[in-house]
Amino acid sequence: MGNKALILQNLIEHHQKIVFFGGAGVSTESGIPDFRSADGLFNQELKTKVTPEEIVSHSFLKKHPQLFFDYYFKHLIYPSAKPNPAHAYLAALEQQDKSVTVITQNIDGLHQVAGSQKVLELHGSVQHNHCELCQKKYSLNELMRDENGIPRCDADNGIVRPDVVLYGEALEDVVIDQSIQAIKEADLLIIAGTSLSVYPSSGLIDFYQGEDLVLINKSSLSAESQATLVIHQAVGELFQQLN
Ligand code: CNA
């Protein structure tokens, strides 16, 4: 085990209330691209002049539902993706005699697939969908039946949209409140695989007043000056080394 992995393991053993705050980088090793890495979705050429950031917005869904869902099914849905060692480690840690909360900006649901139970999904989940008119709920499998068109409700033909927070939409108050509470109470905060550039989620870490802050990212971030430990490594590869 590398020196920094050993320090991380000691910190995890030493602390009781642990919050893991993650982003898209936690799932890249499961084969799901992030947004802002060099090979991320925001850096991929599209045939249209619209940017991916514009496409995954509430106003674009309203104006161009077909183009929205073309992009959504092609680039944001990965039904065969499996949890990687980072997801698996966190799920196993929850089984120990500790309080572990996962706060994620991810929408892929992989923490739950790995077995984590205390997961706060700041930006919602592709696993859950609802009709815009009657609110009837649909699973991802049901949504995928309309993979080549606009998903429609079988009751009233309304558009069925994912329960994900699009650009231009507000986060759910209850998830924000629970996240702030967990971060305030934590004595170890591990931030991994996020560029910390999407507000208000990234601002939540300002509520942290605990002892140790660990930052894990493949690239450098400005928040590093506040961290006890900075690890520039792929998070799945790193967590695989921990016991
Ligand atoms: P981002 O802005 O794309 O940043 C990802 C960060 O992770 C970058 O700083 C990378 O350097 C870093 N990174 C990439 N791979 C790894 C790795 N294996 N180990 C460590 N670091 C890595 O993504 P954020 O999460 O910061 O931005 C929030 C957006 C991204 C949310 O709205 C998400 O819904 C959205 N998103 C989610 C998914 C998903 O659910 N898997 C995928 C793509 C985008």
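Modeller: We can start with the whole chain and then turn to one strand.
Modeller: It is a predicted model, so to read it: local features need pLDDT of at least 70, side-chain atom pairs count only at pLDDT 80 or more, and totals for chains, interfaces and linings use all residues. Residues are numbered from 1 along each chain as its sequence is written.
Colleague: How many helices and strands?
Modeller: Nine helices and nine strands. These are DSSP runs numbered from the N terminus: helices are H or I, at least four residues, and strands are E, at least two.
Colleague: What is the radius of gyration?
Modeller: 18 Å, which agrees with the value near 18 Å for a compact globule of 243 residues. The radius is taken over C-alpha atoms, and the globule rule is 2.2 Å times the number of residues to the power 0.38.
Colleague: Now β7. Buried or exposed?
Modeller: Strand β7 (residues 188-192) is mostly covered, with five of its five residues buried. Buried means 20 or more other C-beta atoms within 10 Å of the residue's own, with C-beta atoms placed from the backbone.
Colleague: Which way do the residues point?
Modeller: L188, I190 and A192 point one way, L189 and I191 the other. In a regular strand the side chains alternate between the two faces of the sheet.
Colleague: Which strand pairs with β7 over five bridges in the parallel sense?
Modeller: β1 (residues 17-22) does, and G22 has A192 as its bridge partner. β8 (residues 212-216) also runs parallel to β7, joined by five bridges. There, I190 stands opposite V214. Pairing needs at least two DSSP bridges between two strands.

Methods: Buried ≥ 20, exposed ≤ 12 C-beta atoms within 10 Å, placed from the backbone.
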